[in-house]
Amino acid sequence: MEMKKDLLICIAFHYNSDRLKYLQQVLSNFIDNYKCSFDIIIDTNIADLPSAYSLYNNKLITVHTHTNLQHPFYLVWQHRKHVKENIDNYDVVAYFEDDILLPYENYLNYLENFKILWPLFVPAFIRIEENNGEQFVTDIVEPVY
């Protein structure tokens, strides 16, 4: 019987050669910095990830290819299958897109906040994007006063 792992990381990656660098940064962040047991599943729309990912060709990463989706946006829903199949095998299941970087310290902070707030509340993150040195909160589209 396998032991339960700490974290399942699901990443949606809609292939674009310009975006490979972001996926590589995200993968490097997990592999180099996370001090917990984890597995990574990448859902993508291409049959083979480019050879740049041979560096990550190990048992931690599983790639699932989805080439027959009715719409490209459906790629971001594929992680639901992995969650359903693996919910009892991990303490935490997390979904990311190919350009979402979560430092390990923020993950640990999330776990601490979850312990404090659950079951009344579930902590969350605000996504911040950076463009030409300026940062933007992308999930808030209306002014907040």
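**Exercise 1.** Find which residues lie nearest the centre of the largest pocket in this predicted model.

*Solution.* 
Step 1. The largest pocket holds about 1000 Å³ of space.

**Exercise 2.** Work out which helices and strands supply at least two residues each to the lining of the largest pocket, and which gives the most.

*Solution.* 
Step 1. Take the helices. H1 (20-33) and H3 (104-117) each supply at least two residues.
Step 2. Pick out the top contributor. Strand S4 gives the most, with 6 residues.

**Exercise 3.** Sort the lining of the largest pocket by residue class.

*Solution.* 
Step 1. Count the nonpolar residues: there are 20.
Step 2. Count the rest by class: 3 are polar and 6 are charged.

**Exercise 4.** Describe the second largest pocket: its volume, its lining and the elements behind that lining.

*Solution.* 
Step 1. State the volume. About 220 Å³ of space lies in this pocket.
Step 2. Name the lining. The residues are Asp-6, Cys-36, Asp-91, Val-92, Tyr-107, Tyr-110, Leu-111, Phe-114 and Lys-115.
Step 3. Assign the elements. S4 and H3 are the ones that give two or more residues to the lining of the second largest pocket.
Step 4. Find the largest share. Helix H3 provides it, with 5 residues.
Step 5. Sort by class. The lining has 6 nonpolar and 3 charged residues, and no polar ones.

Note on methods: Residues are numbered from 1 along each chain as its sequence is written. This is a predicted model: local features need pLDDT of at least 70, side-chain atom pairs count only at pLDDT 80 or more; totals for chains, interfaces and linings use all residues. Side-chain values use heavy atoms; hydrogens and water are left out. On a 1 Å grid over the protein atoms alone, a cavity is a set of points where a 1.4 Å probe fits but cannot get out, and a pocket is an open set with protein on both sides within 12 Å along at least five of seven lines; lining residues have an atom within 4 Å of a point. Grid points are joined across faces, edges and corners, and a volume is the space filled by probe spheres set on the points. Helices (H or I, at least four residues) and strands (E, at least two) are DSSP runs, numbered from the N terminus. Ala, Val, Leu, Ile, Met, Phe, Trp, Tyr, Cys and Pro count as nonpolar, Asp, Glu, Lys and Arg as charged, and the others, Gly among them, as polar.
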